[in-house]
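Here's a protein model to walk through together. Take a look at the sequence and the fold, and then we'll go from one spot to the next.

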Amino acid sequence: MAIVSFFPPELLTIIFKECIADTILSTNDDPATRTAIAFSQVCSWWRQVASIPNLWIRLRIDICEGCRNPLSSILETWLGKSQGLPLNIKLRIGRDSGADFDPIRRLMKEISRWKTLRIYAETSRLLSYFLNKIEPAPALETVYVTVRQSGSWWHYQHPLDRLEQLRNRFAGSPRLCWIGIDRNVIATTETIPLRGSIFHLSLEYTAEKYTMVQSTGALVELLQELPQLKSLNINIPFFDKESIGTPHVDMMNLTKLLLEGADNVFAFLPRIRAPNLTNLTISRSGDSLSRNPLLAKSILDFLKASHSPPPIYSLELYNVPEITDQDFTRIFALLPSLEKLVIHNSSISDATVQELILCESNVDGLRRCLKRLELCVCENVHEQNISSAVRSRISRGAHRSEAEAIVRQSMLQYKQEVETIDREIDNHNQAIQLLLLLKEKRLADIQVCKERLALASRLPTEVLVHIFEEYVLDDMLDVQSLKRGPLVLSHVCCRWRRVASLPALWSYIHGDLLITSHPKELIQMWLNKSHPTPLTINIMLLSHLKGFVLHPAMGAILDEMPRWKHLRLKGRNPGIINAFLAACVKPAPQLRTIDLTVEHTIDPGEQWQVTNIQKAFMWSPQIKSIRIGGHVVPVSDSLPTSLTHFILVLPYQIFSHPQYYQSLLSLVTLLKTLPNLQTLTVEVPLSYLTDFLLDADHMKPIELVNLTSLTLSGPGDIVGLLPRIRAPSLQRLTVSGSIAAAVNANTGQWLLHLLQDSSPPLSHLALVDLTIDDTTSLEMLRNVK
């Protein structure tokens, strides 16, 4: 049997992963494209191992010119084997391949799985064209783009060449934290996406032609917009000469910095303030043959400019022959936490290295912690001297091992004591928690006792019921209230809930219950809790006549008509009220009072009237009181003949007429149909200019033998009603004029006629804002019994 058959699956997985990682899916008919698929067809054991999804999460696609080999089939297989895991994609786009190629369109469908994306493009515009097709990638963490296009500055004036799409297209990637850009133009604030979430930035310049001078000011401006950076990699051949006047940039979170380039690139280093830096790598370009004495000065200025020396534990210096031993000593003195030192191609001497190895403390008294030293191409350093220094340090440490053992034993003993103290603290904390729980319980018991001692808890149930009834009535009259008085009372305490469950408190049904989120359920609950108590209904009808539709929850109220005791309706015009009354088809034997108010009207000339009262409540013999507020006197035979109390308010509101006339004849005709009337009130508010036409002089006076109270309030002509009635039982008479309208000169004669013709037993007479001559006044007084 072959040895590969005995490989454990973990080892075979590593081999397959390396094989797949080097596989490039190419459109140029590359045999290697099919290698990754082929090894999974060798045997069942290999096929089983190759089915692991983690092996297929890396994709390297090369779309070359011509596109002779379609990748749809193999790409579909590859994506299927990854089974929805996050993808790491490397994509190379040739100059003439086009960004609408089938593999790219297939990758776009999996954009929600992209984790890392590396793109190699020949030109900036081709890269921008590809980026323009990208939709939000929520799982994307890393983006690295490389453009091989070379050119001078005027080649990058178009937005597509400036790669503005790189910023715009990744705005919907909240996890994006690593950005890398490799081209011969430095990135700007117009290029980097999601400035507040980028923690790692790499800027490289690797173009071969048209080397462009990079602006130090542009780089500083970019870094000022990225204060949260943790790692920064800069590889630029050379800057311009403006670095001297460039302001510094504070990078408080920066921990890793790599700076590579020609000599004047390192003049940018003192412009950075990084007090928390832990890794610093400086590499001079290999083609820089001249010595730059300012390199050591730049490093020292950078370390000193960060307020206190940064906690650098890793320092790597490449191609730095110009740094002298004195400079190395100054640099090492500023790095007390240095653990790793790598120096390539340097003139450092044996003495400096030996001092670094053997020195136990620096100028600040901090012990050296150097653990790794790597020296390469350092002609002044000899292996024997370095080995001797290392052995000396090791032997010196052996003498200290016994003392260290004693210290470590003491530390172990102290740790055990601390653990014992922690366990005691935990026990005490548990006891404290139990006491706190007991305290909360006793505080709750105290609150219950306080509630029992409260006055509201000691009131008799009968008194509490009376208070609740008054509260519910006040709640009904409050404009700002939600009219849910009993519901509020039932949520105070258990005793109030029992008292609030009495049906009488739920017998007030207000129209505001219809505008809640669940009106039908709420109305039904009100009706169920009020059963069998008579109901008081108060409803505001807001719809216009042509669009009036009965509210779905209103049906439950109409079904309870046999329980109606008081009905109050408000509407914008009489037509709405008539429509509602037409829906009242059930008998209401307990109904006693009706209050109808027409709040608005379009034009009083239309003569809309409430006409359905008699028809709707023909089976309601106990109706005794009706109040109507409107702009027109109701027609005759529209009110029940059993009526004993009638209030008429004219008009309620008129828009188009500055003055409006009511018919006195209509009023007399209406009263003629109400022989049982005991109290009558006709009122015109003082804010309206309404008068009566004296068109009933030809009628004989009507007999109101049961009338005991009469109130007339309004303009002078309203008093013209008095000669048209006989009220032999009248006991209270109130007549009020209007200060806004002239008083009729016959007012006194009309009053005298009523007193002489009816001879009523008046016990109360009130005359307000009337002009009556003295003779008539004396004659009236003589006729008052």
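Predicted model: local features only at pLDDT ≥ 70, side-chain atom pairs only at ≥ 80, totals over all residues.

Helix 9 (residues 294–305) and helix 10 (residues 325–333) pack with their axes 10 Å apart, at an angle of about 15°. Angles under 35 degrees count as roughly parallel, so helix 9 is roughly parallel to helix 10. As for handedness, helix 9 passes helix 10 in a left-handed crossing.

If you want to find the buried ones, look for S124, L126, L127, S128, F130 and L131.

Next up are some strands. Strand 17 covers residues 535–541 and strand 18 covers residues 564–571; the two run parallel and are joined by seven bridges. To see the pairing for yourself, find I539, which stands opposite L569 in strand 18. Strand 18 also pairs with strand 19 (residues 593–598): this pair runs parallel too, with six bridges between them.

The peptide bond from H531 to P532 is cis, with omega near 0°. You'll find P532 in the loop between helix 18 (519–530) and strand 17. Why point it out? Because most peptide bonds are trans, and most residues other than glycine have a negative phi.

N345 has a positive phi, near 55°, though N345 isn't a glycine. N345 belongs to strand 14 (residues 340–346). With a relative accessible area of 29%, N345 is partly exposed, because that label goes to values between 20% and 50%. S759 is another non-glycine residue with a positive phi, this time near 50°. Look for S759 in the loop between helix 23 (747–758) and strand 29 (764–768). At 31% relative accessibility, S759 is partly exposed.

How many salt bridges does the model have? The count comes to 18. One of them links D445 and R442, whose closest N and O atoms are 3.1 Å apart. These two residues sit three apart in helix 13 (residues 401–453), so about one helical turn separates them. D445 is partly exposed at 35% relative accessibility, and R442 is partly exposed at 44%.

Another salt bridge brings together the side chains of E560 and R563, at 3.1 Å from N to O. R563 has a relative accessibility of 7%, so R563 counts as buried. Some salt bridges share partners, and in that way E76, R106, E110 and R113 are joined into one network. Within this group, the side chains of R113 and E110 meet at 2.9 Å, N to O. Are R113 and E110 buried or exposed? Both are buried.

Definitions and conventions. Residues numbered from 1 in each chain as written. Heavy atoms only, no water. Pairing = 2+ DSSP bridges. Helix = DSSP H or I, 4+ residues; strand = E, 2+ residues; numbered from the N terminus. Salt bridge = Lys/Arg side-chain N within 4 Å of Asp/Glu carboxyl O. Buried < 20%, exposed > 50% of the residue type's maximum accessible area, 1.4 Å probe, protein only. Axes fitted to C-alpha atoms, helices over the stretch in contact; angles between N-to-C directions. Parallel < 35°, antiparallel > 145°, perpendicular 65-115°, else oblique. Left-handed = near helix turned anticlockwise from the far one by under 90°.
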